[in-house]
Amino acid sequence: MLAASTFMFAGCAHDVASNPDVVYLNGKIITADKDFSIAQAVAIRNGQFVAVGTNDAVRRLAAAQTPVVDLQGRTVVPGLLDSHTHMDGAGTVETTAQVIKANTVAQAQSIIAEFIRAKKIPAGQWVQTSRWHPPSQLKEQRYLTRQELDAVAPDHPVYVQTVGHFAMANSKALAAAGITKQTPDPVGGRIHRDADGEPTGVLESAATALVEKIIPPPSFEQRVTQNIAAQRVYNRSGITSTVVAGLDEEQIRAYFTVAERGQSTVRAGMFWRFQAADSKEFESRLKAAKFKDNQGNDWARLAGIKLISDGGMTLKSAYIRSNYANEPNNHGMVAVDPDTYVRNVRLANQYGWRVHTHAVGDAAVDLTLKAYAAADADRSLRGRRFSVVHGSLIAPDQIEKAKSLSVRVDAQNAFMWDKAGTVERYMGRLLAHRAVPTRRLVDVLGIEGTAAGTDNEVNLLNPFVGMYLMVTRKDPRGVVYGADQKVSREEALRLYTHAGAYLTFEEKRKGSIEVGKLADMVVLSDDYLSVAEEKIKDITVLETIVGGNSVYRAVQ
């Protein structure tokens with residue numbers, strides 16, 4: 001670590017000195033540059049850093065009219081980048097029943113009933129919920145049945161979302177979707193049934209689409225409003241950039257519209273995702289695509305196509321080489337026809353799209369890497385930055401294989417926070433301790449070949465909980481999982497800053513506090529480098545600055 005003894009600036013001293021838009025002094029500025037150097041001050045002009053260095057050097061650049069901000073010794077880090085989120089969901093707090101707050105089935109029922117009452121939702125209108133994870137969250141450790149939903153919403157079709165791959169629907173919602181005892185399970189999905197063969201209301205993987213496709217979508221302007229609200233929520237956690245995983249073309253258009261209107265406060269990379277019954281339809285969608293890979297600007301940019309190969313650890317649907325704890329015949333679930341998936345990866349590659357595949361279990365990673373190898377034979381993946389998304393149970397041999405194919409692995413330690421106990425209960429102790437091997441990913445792929453993220457709304461957004469997890473490997477109970485996979489504080493911060501920028505080919509534009517890069521930075525409540533290890537998770541954001549503009553300031 002280097003002390004700030006030099007002064008860096010862009011252009012000649014006269015040009016910079018006459019034009020800074022704002023100067024920040026008296027801080028402990030962790031630049032996260034290649035030397036992980038520490039500066040005292042920065043100057044910003046036209047949304048970029050034009051000077052990074054000592055107080056005296058930067059102060060001399062301030063003209064009489066230049067605003068000067070005294071950081072009062074506060075620690076500053078680069079704008080934080082969450083490499084995998086579903087950000088739009090953060091903007092639905094007012095329009096969905098917040099079952100995320102429930103600890104029991106009865107509480108979940110009460111929240112839904114109160115939401116209908118408080119919002120005065122007319123009979124027959126759809127009711128939806130926030131995303132949550134009942135098996136980990138509820139005392140009963142299970143999903144709600146259609147009868148339990150009917151009891152509190154007999155007059156409304158209700159669709160209860162979860163953190164992914166599972167959903168619950170009441171009787172009216174099932175009827176609206178035409179789901180009956182005779183309805184067959186769709187390919188890659190399951191309609192859960194009771195002893196008499198009747199649907200229980202629980203839908204898995206592809207079966208959720210049977211209901212989702214009939215729910216009236218929000219208007220385009222509602223999408224825009226929701227998008228803006230979600231970005232403001234993320235700013236409160238210090239997030240200045242994210243990669244949003246799985247958007248349809250209308251959602252993508254909303255991001256571009258918010259950017260065009262000058263209302264963006266989070267820089268978004270976007271994964272395109274769409275449903276296709278087979279490879280013929282998949283290719284047809286590629287030919288008719290409204291956007292192309294890497295299209296965009298500093299605020300909104302296409303970052304590839306998202307595909308899915310399995311489920312999740314806490315859903316008992318991650319596809320694994322071994323078996324689930326005490327379930328010798330349960331290896332999880334392949335969420336796609338394997339041959340079709342391989343063909344689709346090859347097609348995407350041929351049409352110029354990079355692919356990011358949701359693969360949690362090691363068997364799913366096997367399938368993903370097989371498909372990537374086949375695509376590589378058609379057109380080299382070298383430097384293209386295809387990725388394995390999640391890769392929670394990726395094995396050492398697979399990480400080496402990913403490296404040989406020039407494939408990224410973007411994992412999320414956040415799965416081992418409030419869900420760690422559920423992961424151990426479902427997967428067994430051995431797999432739980434092997435989950436999210438951050439140390440090995442960094443050692444083999446390098447910082448630039450992986451990154452940090454949360455999969456929010458699936459997991460808690462707080463990036464400092466994420467850094468705490470990477471440094472300590474402790475869950476909220478203090479239980480350590482995979483102690484050999486710890487990384488240093490410096491590495492954790494790099495994973496949350498410039499590492500993610502590689503995913504969108506923007507490493508020269510953002511991710512560190514350096515001259516010429518976008519002026520994204522976060523002022524913290526405590527010194528990330530020196531605060532007690534147990535206190536890392538308690539760090540809060542005092543101010544978030546994006547493109548030189550303050551987009552969030554905590555009330556003090």
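Predicted model: local features only at pLDDT ≥ 70, side-chain atom pairs only at ≥ 80, totals over all residues.

Modeller: The second largest pocket has a volume of about 590 Å³. Its lining counts 26 residues. Nearest the centre lie Ile100, Asn456, Glu457, Asn459 and Leu460. Two elements give two or more residues to this lining: helix 4 (134-137) and helix 8 (220-235). By class, the lining holds ten nonpolar, eleven polar and five charged residues.

Asn459 leads on to a lysine. Lys419 is in contact with Asn459, and also with His133, Ser136, Thr314 and Val458, leaving aside neighbours within four places in sequence. Lys419 sits in the loop between strand 20 (408-410) and helix 14 (420-427). Its relative accessible area is 3%, so Lys419 counts as buried, the cut-off being under 20%.

A search of the whole structure finds five cavities of 30 Å³ or more. The largest cavity holds about 80 Å³ of space. Its lining has 15 residues, and the closest to its centre are Ala411, Asn413, Ala451, Ala452 and Met470. Helix 16 (438-445) and helix 17 (463-472) are the elements that give two or more residues to that lining. The classes here are nine nonpolar, six polar and no charged.

The second largest cavity holds about 60 Å³. Its lining includes Leu80, Thr240, Lys510 and Asp520. Strand 9 (80-85) and strand 15 (239-247) each supply at least two of the lining residues. Three lining residues are nonpolar, six are polar and two are charged.

Two of those residues point to other features. Take Leu80 first. Leu80 is among the residues with the most contacts inside the largest nonpolar core, which has 103 residues. Tyr372, Met427, Met467 and Tyr528 are the others named for their contacts there. Met467 touches Leu80 and Tyr528, and also Ala492, Leu493, Tyr496 and Ile536, setting aside neighbours within four places in sequence. Another core lies apart from the largest one. This other core has 22 residues, among them Ile112, Ile121, Val127 and Leu149. In soluble globular proteins, nonpolar side chains tend to be buried together.

Now Lys510. Side chains of opposite charge can pair when their charged atoms come close. The whole structure has 33 salt bridges.

Glu514 and Lys517 form a salt bridge, with the closest N and O atoms 3.5 Å apart. Glu514 is partly exposed at 28% relative accessibility, whereas Lys517 is buried at 10%.

Arg346 and Asp378 also form a salt bridge, at 2.7 Å between the closest N and O atoms. This pair links distant parts of the chain: Arg346 is in helix 11 (residues 338-350) and Asp378 in helix 12 (residues 362-378), 32 residues apart. Arg346 is partly exposed, with a relative accessible area of 32%. Asp378 is partly exposed too, at 36%.

The side chains of Asp185 and Arg193 meet in a salt bridge of 3.1 Å, N to O. Asp185 is partly exposed at 40% relative accessible area, and Arg193 is partly exposed at 29%.

Technical notes:
Residues numbered from 1 in each chain as written. Heavy atoms only, no water. Helix = DSSP H or I, 4+ residues; strand = E, 2+ residues; numbered from the N terminus. Buried < 20%, exposed > 50% of the residue type's maximum accessible area, 1.4 Å probe, protein only. Contact = heavy atoms within 4.5 Å. Salt bridge = Lys/Arg side-chain N within 4 Å of Asp/Glu carboxyl O. 1 Å grid on protein atoms, 1.4 Å probe; cavity = no way out; pocket = protein on both sides within 12 Å on 5 of 7 lines; lining within 4 Å. Points joined across faces, edges and corners; volume = space filled by probe spheres on them. Nonpolar A, V, L, I, M, F, W, Y, C, P; charged D, E, K, R; others polar. Core = buried A, V, L, I, M, F, W, Y, C linked by side-chain atoms within 4.5 Å.
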